[in-house]
Amino acid sequence: MKLGITGSPTPTVIWTKKGKPIPRARTSNTNDCTTLELLKAHHGDTGNYLVIVENDHGRDFADIPFIIIDKCGPPEGTLEVSDVFADSC
């Protein structure tokens, strides 16, 4: 996720999920951009991420929903097949 930011002096940026730091994330900040990169993202990383941008003149934040999409794995649990006939199902 890459977001444009502005501010003078250059703001500090904090990314969190559920109020905590994101352990597997890599962040980078410049004077006009912040980037959050999730390393080896998986379905459990889906959720709302909070970015807080702050400097001496103020503070702003955004709550950003992330949906992690991946190819489907094999089905889990017991599968139940019903209504299967010789000529239809």
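**Asp83.** I looked up Asp83 and found it exposed, with a relative accessible area of 55%. I use exposed for over 50% relative accessible area, buried for under 20% and partly exposed for in between, with a 1.4 Å probe and protein chains only. Asp83 sits in the segment after E6. Its phi is positive, about 55°, although Asp83 is not a glycine. Most residues other than glycine have a negative phi.

**Ground rules.** This is a predicted model, in which local features need pLDDT of at least 70, side-chain atom pairs count only at pLDDT 80 or more, and totals for chains, interfaces and linings use all residues. Residues are numbered from 1 along each chain as its sequence is written, and side-chain values use heavy atoms, with hydrogens and water left out. Helices (H or I, at least four residues) and strands (E, at least two) are DSSP runs, numbered from the N terminus.

**Lys40.** I checked Lys40 next. Its phi is near 50°, a positive value in a residue other than glycine. I place Lys40 in the loop between strand E4 (33–38) and E5. Lys40 counts as exposed because its relative accessible area is 78%.

**Ser8 to Pro9.** Which form does the peptide bond from Ser8 to Pro9 take, cis or trans? I found it cis, with omega near 0°. Most peptide bonds are trans. Pro9 falls in the loop between strand E1 (2–4) and E2.

**Aromatic pair.** I found 1 aromatic pair in the structure. The ring centres of Tyr49 and Phe66 are 4.4 Å apart and the planes are at 45°, so I log the pair as tilted. Rings of Phe, Tyr and Trp (its six-membered ring) pair if their centres lie within 6.5 Å; planes under 30 degrees apart are stacked, over 60 edge-to-face, and the rest tilted. The pair links distant parts of the chain, 17 residues apart: Tyr49 is in strand E5 (residues 47–55) and Phe66 in strand E6 (residues 58–66). Tyr49 is buried, at 0% relative accessible area. Phe66 is buried too, at 12% relative accessibility.

**Thr16.** I located Thr16 in strand E2 (residues 12–17). Thr16 is buried, with a relative accessible area of 12%. Leaving aside neighbours within four places in sequence, I list its contacts (heavy atoms within 4.5 Å) as Ile22, Asn48, Tyr49 and Leu50.

**Record.** UniProt, in an unreviewed entry, places "domain: Immunoglobulin I-set" at residues 4–64. Such annotations may be inferred rather than shown by experiment; positions use the numbering here and feature names are shortened. I find that span 0% helix and 56% strand, with its end C-alpha atoms 14 Å apart.
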